[in-house]
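Dear colleague,

Please find the structure below, followed by a short account of what was found in it.

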Amino acid sequence: MSVRVRFAPSPTGFLHVGGLRTALYNYLFARHNGGKCILRIEDTDQTRYVESAETALIEACRWAGFEFDESPEKGGEFGPYRQSERTDTYKKYSKILLENGSAYYAFDTSEDLDKMRERQQKSGLAPKYDRSIMRNQYTLGEDETARLIATDEPRVVRLKVPITGDIRFSDIVRGEVVFAARDIDDQILLKSDGYPTYHLANVVDDHLMEISHVIRAEEWLPSTPKHVLLYQAFGWESPKFAHVPLLLNPDKTKMSKRHGDVFVDDFKNKGFFPEALVNFVALCGWNPSSEREIYSMNELIEHFALEKVNKAGAIFDYKKLEWMNSQYLRSYEPIELAPELLKILDSYAYPKVGVEYAAQVIGLLRERINFLHDIPTFGDYMFTRPLAFDDEYKSKHWKPETKANITPLLEIFTSLQEFSHQALHDVVQEYVASKQMALKLIIHPLRLMITGKQVGAGMFETMSILGREEVLARMKSFLENNP
RNA sequence: GCAGCGUUCGUCUAGCGGUUAGGACACCGCCCUUUCACGGCGGCGGCACGGGUUCGAUUCCCGUACGCUGUACCA
């Protein structure tokens, strides 16, 4: 049997990183098995629909580095891929259930339902639809039911859950799971507005779209028995289930906005590389059991196995994500990143620089930062004269005799044939040797004059990238203004 | 409340009856050094608890505790 999986989000806003991981696991599983990964939009709740959410979602996945094989956008032979466009199908299948006695009509108002739950809560019972006393086709009788339907009375279709027995299914990550039928509610299948609930729609669609594996978040585990019952009621073979663990806040609750960034777009805007986010999120809850941390998309695909997905939820460790981003920052060719840096630089008032220069600066500074966008602030002096000079650094390294030590360097740098890292290094070494002084007595003042900062990359490399003219200008200016 | 699921360093995890319980992030120290970083080396730190099963349990079983998720005409 060929592998077909689906990511089935509801379009209520931006893509959550938890959603990204679910989508990713589906994608990895499909690719690993040479199968198809489908995007299906679960927009059956008209009250929560958000206009641009669908494209935002697709774009977020595309940014992350994966595409769906079938989707509303792309189409496919199992469409339409928006549930709101499949309502006739759900009506048709709910009718089958009604006819074979697996479902029934109910006419209760939401007020009546609230009252029922309230009563149950008070007597310490689990809230559950009470088929024997509420307004439904069993308590009303056939004639009355037929009459209400004929007069178009608002109604829903509910699943008729057996009173006794167990419902069991096997989950790829959790093993055998058993629920008692008596604990399962007579779930609404078709709402009074004519739209199906998730439960009906996802079962019908998964069957019709020939989904082989349902890979979704753990929060769905408690409603899976309802789905199993539906497959049985239709006489369909159920797909394999895999409920993956949740991504958690530091306090172990389901990862939410209250604790910081949760949307893929947030991470994109923060300057994370998609490869880093994907790599990180893939390793939250799954691990190919090696001693390695860095995996490309292709490597993730190659190693992915649902059987190795963890059962327990994973706290989203922002610090480790940052570290991972820094790893990717160092792994790219600087010239590949240069255009992006140029874009970032646009929002600063620095004089424009070329792509070659940008690449050089990236190469110079990237081992000291986590994000590309740290460069304009961390290395501001690569784009403009130092605006300030670190007081502490200055008092430590600018002594009364420093000026005399530095001044001859002006001449030496001017007459240097090639203003390169190596040449600068050699010539300064030579100079300090002749004066019998420590290199640091020169290096620190140079760093102060040229960058204004205590921290930075190797000084000679920094100088060679800045260029002779700029270095001499900064030195002279500093010398003029300081005793 | 009820149901289900879960529980290895602070965090992500390896482990699938016998290991000095391994790696990564974070943290600390040392080395390198031209500051900071990178890198190298080292340290800190964990099998929730109690019963079984077994010659032997982190690992298998049962409880307990704790946590999480679900409990909608939301997905």
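**Surroundings of R474**

Apart from its neighbours within four places in sequence, R474 is in contact with Y381, T384, R385, P386, M449, I450 and L466, contact being heavy atoms within 4.5 Å. This is a predicted model, in which local features need pLDDT of at least 70, side-chain atom pairs count only at pLDDT 80 or more, and totals for chains, interfaces and linings use all residues. Residues are numbered from 1 along each chain as its sequence is written, chains are lettered from A and ligands numbered from 1 in the order in which they are written, and side-chain values use heavy atoms, with hydrogens and water left out.

R474 belongs to helix α21 (residues 468-481); helices (H or I, at least four residues) and strands (E, at least two) are DSSP runs, numbered from the N terminus. R474 counts as buried because its relative accessibility is 4%, where buried means under 20% relative accessible area, partly exposed lies in between and exposed is over 50% (1.4 Å probe, protein chains only).

**Domains**

An automatic or database assignment divides chain A into domain 1 (1-72 + 245-331), domain 2 (87-190), domain 3 (332-380) and domain 4 (391-481). The centres of domain 1 and domain 2, taken over C-alpha atoms, are 34 Å apart.

**Pockets and cavity**

On a 1 Å grid over the protein atoms alone, a cavity is a set of points where a 1.4 Å probe fits but cannot get out, and a pocket is an open set with protein on both sides within 12 Å along at least five of seven lines; lining residues have an atom within 4 Å of a point. Volumes are the space filled by probe spheres set on the points, which are joined across faces, edges and corners.

The largest pocket holds about 1,000 Å³ of space. Its lining comprises 40 residues, and A8, P9, S10, E219 and W220 are the closest to its centre. Helix α1 gives the most to this lining, with 4 residues.

The second largest pocket holds about 450 Å³. It is lined by 19 residues, with Q120, A126, K128, Y129 and R182 nearest its centre.

The whole structure contains 1 cavity of 30 Å³ or more. The largest cavity has a volume of about 60 Å³, and its lining consists of I58, C61, R62, F66, E67, F68, S71, E73 and K74.

Yours sincerely
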